[in-house]
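These are my notebook entries on a structure that I had not examined before. I record what I looked up and what I found.

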Amino acid sequence: MNATDIPDTKSEKGAWSMDRQVRMFAGILILVGLALGFSLNLSWVCLSAFVAIGMIVSALTDACAMAAFLSKMPWNR
């Protein structure tokens with residue numbers, strides 16, 4: 001599924017666009033990975049690296065797996 005296949009408009013007052021949701025979710029995952037990596041086990045930093053690799057692949061292929069996942073969430077129906 002390409003990023004262009006997913007609507008990027010606000011359908012309701014206050015609803016976030018898919019692009020904004022993806023950036024927020026990616027940022028949260030990166031921060032969680034870093035926080036857990038520095039406080040519990042350094043292996044958690046791999047979560048941040050995985051998200052970063054996903055963002056690079058998304059930019060190169062113009063397909064976003066996270067957007068496809070988030071589009072199936074109840075608040076996006």
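**Entry 1: a helix pair**

I looked up the contact of two helices and found that Ala 26, Leu 29, Ile 30, Val 32, Gly 33, Leu 34 and Gly 37 in helix 1 meet Val 45, Leu 47, Ser 48, Val 51 and Met 55 in helix 2. Contact here means heavy atoms within 4.5 Å. By type, the residues of this contact are nine nonpolar, three polar and no charged. In this scheme Ala, Val, Leu, Ile, Met, Phe, Trp, Tyr, Cys and Pro count as nonpolar, Asp, Glu, Lys and Arg as charged, and the others, Gly among them, as polar.

I note that the model is predicted: local features need pLDDT of at least 70 and side-chain atom pairs count only at pLDDT 80 or more, whereas totals for chains, interfaces and linings use all residues. Residues are numbered from 1 along each chain as its sequence is written, and side-chain values use heavy atoms, with hydrogens and water left out.

**Entry 2: geometry of the pair**

I then looked up how helix 1 (residues 18-39) and helix 2 (residues 45-61) pack: the angle is about 155° and the axes are 6 Å apart. Axes are lines fitted to C-alpha atoms, for helices over the stretch in contact, and angles run from 0 to 180 degrees between N-to-C directions. Helix 1 and helix 2 are therefore roughly antiparallel, a term for angles over 145 degrees. Helix 1 passes helix 2 in a left-handed crossing, in which the near helix is turned anticlockwise from the far one by less than a right angle.

**Entry 3: the salt bridge**

How many salt bridges does a search of the whole structure find? I record one, formed by Asp 19 with Arg 23, whose closest N and O atoms are 3.3 Å apart. The term requires a side-chain nitrogen of Lys or Arg within 4 Å of a carboxyl oxygen of Asp or Glu. Both residues lie in helix 1, four residues apart, about one turn of the helix. Asp 19 is partly exposed at 40% relative accessible area, and Arg 23 is exposed at 53%. Buried means under 20%, exposed over 50%, and partly exposed in between (1.4 Å probe, protein chains only).

**Entry 4: Met 18 and the whole protein**

Is Met 18 buried or exposed? I find this residue of helix 1 buried, at 9% relative accessibility. Met 18 and Asn 76 are 58 residues apart in sequence and 8.6 Å apart in space, C-alpha to C-alpha.

Finally, I record three helices and zero strands; helices (H or I, at least four residues) and strands (E, at least two) are DSSP runs, numbered from the N terminus. Of the 77 residues, 21% count as buried.

Note on methods
Parallel < 35°, antiparallel > 145°, perpendicular 65-115°, else oblique.
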